[in-house]
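Okay everyone, thanks for coming.

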Amino acid sequence: MKLRPQELGGRATEAGVSVEDLARAIERPGLTGPQAVSAVRNWLGGRDHPRCKKSDIEAMSAAVGCRPKDISRFVSRVRNHRGSPKKAQLVMDMIRGKTFEDARLSLQFSTKRAAVNVHKALMAAYAEAEELGADGNRLVVAESRVDGGLHIKRFQPKDRGRAHPILKRTSHITVGVQER
């Protein structure tokens, strides 16, 4: 789960809640006083340091007077997918901006190998959204990203004792859904 800073900022100004009020709402051991104020300012600025936890999002949504699903995006990752980022990006472009149901059906009938892991990530993000009471019919794929992962290094023996390197590429798949 990730915080949507613009949405939180807009709802906080509507409710008349200041940064200090939000900081008091999220105080916990290890995050008190000026550290909490600094954390809320970072989160409102779009920086995720210190990491915004689920309990922090729930406390801030209660302080603002909305539900946690209104100020958060539900994100899931598949790390070290055995496929190149370039090929996985083709699948991600196929689902970006679609509704959850359209994206799920597109992935289910896709012949691309990366579609299996993208489907797993999409379903995990959907499950997290359902856990917090998001409406499945209003979910949209808001974030779909592929990052390069590690290279698995292998060698192909060649003539006269030579060896040619083979780099097997991996990728990290990130899918995020949010309510429209």
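**A walk through the model**

His172 is where I'd like to start, and leaving aside its neighbours within four places in sequence, His172 is in contact with Val78, Arg79, Asn80, Arg145, Val146, Asp147, Gly148 and Gly149. Before I go on, please keep in mind that this is a predicted model.

So where does His172 sit? It's in strand β4, which covers residues 163-179. Buried or exposed? His172 is buried, with a relative accessible area of 15%.

A polar atom of the Thr170 side chain is 2.6 Å from the backbone oxygen of Leu150. Not counting residues up to four places away in sequence, the residues Thr170 touches include Asn80, His81, Gly148, Gly149 and Leu150.

Now let's zoom out to the sheet. What's the order of the strands? We have an open sheet of 4 strands, and the order is β1-β2-β4-β3, with antiparallel pairing. The edges are β1 and β3, residues 139-157, each of which pairs on one side only.

Let's go across it. Strand β1, residues 2-3, pairs with β2, residues 72-81, in the antiparallel sense over 2 bridges, and Lys2 stands opposite Arg73 in β2. How many bridges join β2 to β4? There are 6, and those two strands also run antiparallel. Two positions to look for there: His81 has Ser171 as its bridge partner in β4, and Val78 stands opposite Ile173 in β4.

On to the helices. Take α5, residues 85-95, whose buried residues are Ala88, Val91, Met92 and Ile95. Why do they end up on the same side of α5? Because they cover an arc of only 100° around the axis. The background is simple: an α-helix has 3.6 residues a turn, so residues three or four places apart point the same way. The face of α5 turned away from the buried side carries the exposed residues Lys86, Lys87 and Leu90. And what do the buried residues of α5 pack against? That would be β2, α6, α7, β3 and β4. Just after α5, look for Gly97, which takes a positive phi of about 85°.

Helix α2, residues 19-26, has Leu22, Ala23 and Ile26 as its buried residues. They cover an arc of only 100° around the axis, so they sit on the same side of α2. The partners they pack against are α1 (5-15), α3 (34-44) and α4 (54-64).

What about the core? The largest nonpolar core has 44 residues, and those with the most contacts inside it are Leu3, Trp43, Met60, Val118, Leu122 and Val177. Which element gives the most to this core? It's α7, with 7 residues. As a general point, in soluble globular proteins, nonpolar side chains tend to be buried together. If you click on Val118, you'll find contacts with Val91, Met92, Ile95, Leu107, Ile173 and Val175, leaving aside neighbours within four places in sequence. Remember that Val91, Met92 and Ile95 are among the buried residues of α5.

Next, aromatics. How many aromatic pairs does the structure hold? There's 1. Phe100 and Tyr126 are stacked, at 4.1 Å centre to centre with 5° between the planes. Phe100 lies in helix α6 (residues 100-108) and Tyr126 in helix α7 (residues 114-131), so the pair ties together parts that are 26 residues apart in sequence. Phe100 is buried at 4% relative accessibility, whereas Tyr126 is partly exposed at 22%.

Last stop, Arg47, in the loop between α3 and α4. Arg47 counts as partly exposed, with 47% relative accessibility. Not counting residues up to four places away in sequence, Arg47 touches Arg41 and Asn42.

Technical notes: Residues are numbered from 1 along each chain as its sequence is written. This is a predicted model: local features need pLDDT of at least 70, side-chain atom pairs count only at pLDDT 80 or more; totals for chains, interfaces and linings use all residues. Side-chain values use heavy atoms; hydrogens and water are left out. Buried means under 20% relative accessible area, exposed over 50%, partly exposed in between (1.4 Å probe, protein chains only). Contact means heavy atoms within 4.5 Å. The arc is that of the directions from the helix axis to the C-beta atoms. Rings of Phe, Tyr and Trp (its six-membered ring) pair if their centres lie within 6.5 Å; planes under 30 degrees apart count as stacked, over 60 as edge-to-face and the rest as tilted. A nonpolar core is a set of buried Ala, Val, Leu, Ile, Met, Phe, Trp, Tyr and Cys residues joined through side-chain atoms within 4.5 Å. Two strands pair if DSSP finds at least two bridges between them. A polar contact is a pair of N or O atoms within 3.5 Å; within protein, one must be able to donate a hydrogen and the other to accept it, and residues adjacent in sequence count only if both atoms are side-chain atoms.
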